[in-house]
Amino acid sequence: MTVRLVVVGGGPAGTQAATWGARLGAEVTVVEKEVLGGAANLWDCIPSKAMIATGGLMALSRRSRHMGLQELTPELDFAALRVRNQEIEARLKGTIRAQLQSQGVRLLDGCGRLKGPHEVVAETSDGGVVELDADAILVCTGSRPRIPAFAAPDGERVLTTREAYPPPELPSHLCIVGSGVTGVEFTHMFSSFGCEVTLVVSRQQVLPGKDAEVAAALEDDFLARGVHLLKGARASGICRVGDGVVVECTDGRKVSGSHVLLCIGAIPNSDGLGLDAAGVEVDGAGYVPINHHGQTNVKHIYAAGDLSGKLPLASVAAMQGRKVAEHVMGLQVREHRHLDYDKAASAIFTEPEIADVGLAEADAFATGRKVRVTKVPFASTAKALIEGDTRGFVKIVSDPWTGAVLGGSIVGPSAAELISVLALAVTANLKVNDIVESLLVHPALSEALAEAAE
Ligand SMILES: Cc1cc2nc3c(=O)[nH]c(=O)nc-3n(C[C@H](O)[C@H](O)[C@H](O)COP(=O)(O)OP(=O)(O)OC[C@H]3O[C@@H](n4cnc5c(N)ncnc54)[C@H](O)[C@@H]3O)c2cc1C
């Protein structure tokens, strides 16, 4: 009997589940209300990285004298930036749609909700209503920016990340509230564009919870390019004053700017999904708890991606979607492996770039686990000198007795790419010697990896 899988939400989790479900023989329907590819492609991962790439080129051109060139002074073209974002998004959306259609996945443009444990209703964008019977349902409707009670985004001067690709005008002084991954990426982006930026940091370091050495490397770079860090400052009010904004903090400090950008986390899109009609439990924060197969408390209803409250990363969402499809199709009894969230690699697209995977040195220290930590600066590689950027380092955390690679951090150019080596090592239980004995390219930044593994 053919398994009918209905997926509500067409972001990374939903499209991967659909792809793998169809490959494994399920009859798959995806209901997506906005854009295939999800918030990931429309607002989050892709436009932010596209704008960071533009800012990176601008920053590079400012350093061009060091590379034997006359200094270049590129001017930012906001309209062109907006068009470029739209083109990238359209291209990705087209590719995903074509891919799913070629696999026989039924695509419904519309808003989905559960009507009962085996029934999904889709209100389609052309005004129709489609009722879908399902043997298995995956809800993966993602999340949206959290807006605190003290702020009222207006799309002009008080912005969420969704209004920042790019904002209506280039801010002369942007105040960014929140110094997690999103906050620091936008700080990097807008300071590369040449804007004055003040980052409101609620603790004493940016990237709370991150390795202190890694956070310090980023703070150094921010300070070197004139970013103002307002530390230990918890925003409690935002108001528009004339042509600007004022951010007030709980300790009475105030900071004025031309615009403010809120980067204080996300809330799950679980409201209006009909989860109660299907008996699916939601936790106090609105997330849908799942077990290691992605099942909710109702065994044939799965959740994945940001909605599941696990690691909010597109890469994780996509892998969760794939694992759900495998479980729906009964693959868990054979080659299926559980997803290990502790082994997920992640990156922060700042300058220097930051990436890490697996066990962090600080976590090992906190739990009293004995580890070997080796660190090599990129400055010791020829490639960093050739590229004119010697910032950053590679740190590898390994087991002192077996040599197994347990984790690592990379700060520096191409960290998001280089971390793949350590991610593979952590996932495949490789040892430091496996990295040392790989015949790597010379000159390349990866030589720092081999050196750190010695
Ligand atoms: C600024 C920013 C930058 C980020 N950068 C990165 C990055 O570089 N790398 C990374 O890995 N992660 C990044 N993330 C996180 C990443 O975007 C999310 O983890 C990812 O999008 C989650 O995927 P998802 O499938 O759960 O949801 P989404 O991508 O949010 O997709 C959910 C989809 O469900 C649809 N939907 C919602 N309700 C319904 C409904 N009722 N019916 C039908 N459809 C519905 C939505 O329209 C949406 O298309 C970033 C996040 C932000 C905020």
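Let's start with the open sheet: five strands make it up, in the order 8-15-9-10-11, with parallel pairing. Strands here are DSSP runs of E with at least two residues, helices are runs of H or I with at least four residues, and both are numbered from the N terminus. Two strands count as paired if DSSP finds at least two bridges between them. At the edges sit strand 8 (158–160) and strand 11 (228–230), each of which pairs on one side only. From one strand to the next, the twist averages 20 degrees.

Before going further, please keep in mind that this is a predicted model: local features need pLDDT of at least 70, side-chain atom pairs count only at pLDDT 80 or more, and totals for chains, interfaces and linings use all residues. Residue numbers run from 1 along each chain as its sequence is written.

Within the sheet, strand 9 (residues 173–177) and strand 10 (residues 196–200) are joined in the parallel sense over five bridges. One of the residues to look up is L174, whose bridge partner in strand 10 is V197. Helix 5 (residues 181–192) lies across strand 9, strand 10 and strand 15 (259–262), and runs at about 170 degrees to strand 10. Such angles run from 0 to 180 degrees between N-to-C directions, and axes are lines fitted to C-alpha atoms, for helices over the stretch in contact.

Now turn to the ligand. It is surrounded by 37 residues, and the closest are G9, G11, G38, G142 and G305; a residue is near a molecule if its C-beta atom, placed from the backbone, lies within 6 Å of it. Elements giving two or more residues to this shell include helix 1 (12–23), strand 3 (106–116) and helix 7 (314–328).

Two of these elements also meet each other: the axes of helix 1 and helix 7 come within 7 Å and cross at roughly 35 degrees. Among the residues making the contact are W20 of helix 1 and R322 of helix 7. Contact requires C-beta atoms, placed from the backbone, within 7 Å.

Finally, consider R113, which has its place in strand 3. Why is R113 called partly exposed? It has 19 other C-beta atoms within 10 Å, and the label is buried for 20 or more, exposed for 12 or fewer, and partly exposed in between, with C-beta atoms placed from the backbone. Leaving aside neighbours within four places in sequence, R113 is in contact with V121, G272, L273 and G274. The C-alpha atoms of R113 and D271 are separated by 9.8 Å, although these residues are 158 residues apart along the chain.

Notes:
Contact = placed C-beta atoms within 7 Å.
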